[in-house]
Amino acid sequence: MKERVRSAGSILLVDDEVNILNALNRELHSWASGKGIAMATATSAQDALLLLGERADEVAVIVSDLRMPGMLGSDFLLEVRERWPDIITILLTGFSETEQVMKAVKAGIFSYITKPWDPDYLRSELEKALEIHDIRVQNRLYRTTLEEELRWAGEMQRALLKPRAEGITGMDFQSSYEPMPGLYCGGDYYDLVALGPGRYIALLGDVAGHGLKAALVTGILRAVIYPEYIRTIGQRRFSPSAFLGWLNDRMSFELSKTSGLVITFFAGL
């Protein structure tokens, strides 16, 4: 027997005894209706997996029996954890087989409740499980948003760090930039600027740390180095030491209120 999940935040009850499912539905009906929570049932782990295959995104909590024909509740909950890690699972059983209970614990069950159950305790555990499910979903959304922003920041950084190698003749120049996996951006700085025939400046820097903070500082470096110094050189002699002294003073002023920041930098002519 299967019942389709009708709304987000549903609770799925899995037990091979129909009278147990009916009793759970009766005891939880008023509480669930008051909170807008839908109830779904399955009389086997196989039916529950079929239901989850269609509507897993709507299931917040699973309450499963342990000893069921075809597939034990412990094996079922292990598969749920592997395929749908956001779902909170509760084991409700009248048996205390140590090996199977340990397997369920390995599956990351939130709670272990014995039959016959205390209705108030069951509702309390379900409320806590629903809260944890909401936290898991929100954390996943936050991680997704953060990853998208880091990916965008990495694309922008690559565009900003494209070396100004135009006008350089007699040599080949290539760059390779690989930020830390998962962060997409970092504190690396590199540039190559032509000053005239046979003369070019090579710049290489690193902001200590990873991620957005370091990438933001490299953006500041990019915003000040070329417009404020390199572009104004003209026919003057470029001195790496004079440039680095200027850059040190300029960034110390720009980041005077930022503590614990270290930037290393190389300039060569």
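How many residues of the lining of the second largest pocket are nonpolar, polar and charged? I counted 8 nonpolar, 3 polar and 1 charged (Ala, Val, Leu, Ile, Met, Phe, Trp, Tyr, Cys and Pro count as nonpolar, Asp, Glu, Lys and Arg as charged, the others, Gly among them, as polar).

I worked on a predicted model, where local features need pLDDT of at least 70, side-chain atom pairs count only at pLDDT 80 or more, and totals for chains, interfaces and linings use all residues. Numbering runs from 1 along each chain as its sequence is written, and side-chain values use heavy atoms, without hydrogens and water.

**Pockets.** I took a pocket as an open set of points on a 1 Å grid over the protein atoms alone, where a 1.4 Å probe fits, with protein on both sides within 12 Å along at least five of seven lines; lining residues have an atom within 4 Å of a point. Volume is the space filled by probe spheres set on the points, joined across faces, edges and corners. The second largest pocket has about 160 Å³, and H6 (211–228) gives the largest share of its lining, 6 residues. Helices here are DSSP runs of H or I, at least four residues, and strands are runs of E, at least two, numbered from the N terminus.

The largest pocket holds about 250 Å³. Among its 13 lining residues, Leu 247, Asn 248, Met 251, Ser 252 and Ile 263 are closest to the centre.

**Thr 93.** I placed Thr 93 in strand E4 (residues 88–93). Thr 93 counts as buried because its relative accessibility is 0% (buried is under 20% relative accessible area, exposed over 50%, partly exposed in between; 1.4 Å probe, protein chains only).
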